[in-house]
Amino acid sequence: MNHLFKKRKEQLGFFQGLLSKPKSVNIPREFNESAIMVCDSCGGASSKKDMASNLFVCPSCNYHLKLTPQQRLYQLIDENSFRETNRKMSSTSVALFPGYLDKYNKNVENTGNLEAVVCGVATIGGNKTAIAILDAHFMMGSMGSVVGEKITRLIELADRKKLPLIIFSASGGARMQEGINSLMQMAKTSAALAHFGDNGGFYISVLTHPTTGGVSASFAMLGDIILAEPGALIGFAGRRVIEKTVNEKLPDNFQTAEFIKEKGFVDRIVARKQLRNTLITLLEYHKEASI
Amino acid sequence: MSHLTAWDRICIARSQNRPKSRDILPKLFEDIIELYGDRCYGDDAALIGAIGRFEGMPVTILAQSKGRDLQENLACNFGMMNPEGYRKAMRLAKQAEKFHRPIITIIDTAGAFPGKGAEERGQAEAIASSLKMFATIQTPVLAIVLSEGGSGGALALSVADRIYMMENAVYSILSCEGFASILWKDETRAKEAAELMECTSIDLAKKGIIDGIITEPEGGFDHQSDEVYGQIRSIIRRELNILTKIRVKNLVQQRYEKFRAMGNV
């Protein structure tokens, strides 16, 4: 046990170093503008610069590529308006499950974030809003104790300060490595939303690729308004599990945003180019809700 | 009590001979009247919904039902609920709230059903709504994990003021097969996963997730284990006695704080 604590202490030192580097979240991470990006869907190549100016939507096939939380904020919010909350929160159980610590460290290094969600307060078209963005690049956006706690604190902050709330989901579900504690985050976040809603709070849930498992089965599906990005995978169980259970091949469009909308579970599919304006319109409509 | 491995307990919990919801309900409640359907799509036999009396007090019973033989197993989909099951649970929970009846849930499921129709009818939405509704329902809720409590499918009926587990029951983020499949892409390592998952009643009591354990005789309880049924009755008696005396507003607040505290950060 002692060596685990020692290891964790070393880790914390590493994180502190990482966090002390000045970093503005309003600037997307550095990249080589002439670098070529290949679309995950059609395989079409574009320069990273063109892709970025097209909001990381493939110009050939309209596929909406995954965004980092920083890219999402850059596209969406008023310049320099973001104040991050609970940035340094980390889990006390990363050393407990075999292989978890290594995997976690790699994800920290690759993303520059300490967890799979970025939370804070920003203005969008002048509307002050509590905002959470899950990061599919960080352990598949999975929800463990920290993701659940950060989201719950943000909901409570929105409740206290009478702010509207927007959560961008992108997650494979609950984080297996943290076991039952991950499962309980579904109950915790949903309970916080229940109280927020009872107090008149306004919550927009935006489902992005992918939103599945314990995240879709908790806060992601509880929006007063639920939006989805085109083509996003949205569902509860994984495709392979379902195919194995029912012993049939599922249609290609199964569990897409379009499919889920047809079944009646999202309010609107909104292309990335229209997202900021749609959110501003919805926030303006519900200004009274937050007072 | 603790010489059994987690895998041993999983095997006991899943044994076909172990009493199922249909066996234990008549031993705990009188005048049971089953109520069916979600008033929306259909009835889900994987969830028994009923009104009954516990030592004279009217209660609403929501019990996941795996079935006692193959015919029943098939009829109730081995206890794996569809969205209409969760919607039936919510309907009857709201009814319980309206008529001031405490709710007793019995958990026994490997998980929510991963079927095609379940996705089409909004399995995720049904579970999410259930979590949200139980979080603020204005009546006492007592959950008992009978054998298997798997993933969101079990959690949806366990957002309760008190959660008890049978000694040999397991309660986890996913079945150990699913866990092994996700982490190692190898379902056959389920036994290994079981030991890592901390899913036994003893593990969960230590973590403060549950409020107590109902002890079982060596090898698991059976239809003749009157002492075990006596323990369950005395827990229900004691907890209902406490919970029904708490003002509803405080009860909901305490329930919030209970789940609010869960997690390691």
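**Ground rules.** I worked from a predicted model, in which local features need pLDDT of at least 70 and side-chain atom pairs count only at pLDDT 80 or more, while totals for chains, interfaces and linings use all residues. I kept in mind that residues are numbered from 1 along each chain as its sequence is written, that chains are lettered from A and ligands numbered from 1 in the order in which they are written, and that side-chain values use heavy atoms, with hydrogens and water left out.

**Chain B by itself.** I looked up the secondary structure of chain B and found 12 helices and 8 strands; these are DSSP runs numbered from the N terminus, helices being H or I with at least four residues and strands E with at least two. I then noted that 60% of the 265 residues of chain B count as buried, where buried means under 20% relative accessible area, exposed over 50%, and partly exposed in between, using a 1.4 Å probe and protein chains only.

**The interface.** I found 44 residues of chain B in contact with 55 residues of chain A, contact meaning heavy atoms within 4.5 Å. The area buried between the two chains is about 4,200 Å², and carbon and sulfur atoms give 72% of it; buried area is the accessible area (1.4 Å probe) that two parts lose on being put together, summed over both. I wrote down B:Glu119, B:Ile173 and B:Val265, which supply 17% of the area that chain B buries against chain A, more than any other three residues.

**Salt bridges between the chains.** The rule finds 4 salt bridges across this interface, each being a side-chain nitrogen of Lys or Arg within 4 Å of a carboxyl oxygen of Asp or Glu. In one of them, B:Arg260 meets A:Glu156 at 2.7 Å, N to O. In another, A:Glu248 meets B:Lys116 at 3.7 Å, N to O. Because A:Glu248 lies in the loop between helix 8 (239-246) and helix 9 (257-262) of chain A and B:Lys116 lies in helix 5 of chain B, the pair joins two chains.

**A pair inside chain A.** I also looked up A:Glu115 and A:Arg175, whose closest N and O atoms are 3.0 Å apart in a salt bridge. This pair links distant parts of the chain, 60 residues apart. A:Glu115 is buried, with a relative accessible area of 2%, and A:Arg175 is buried, with 1%.
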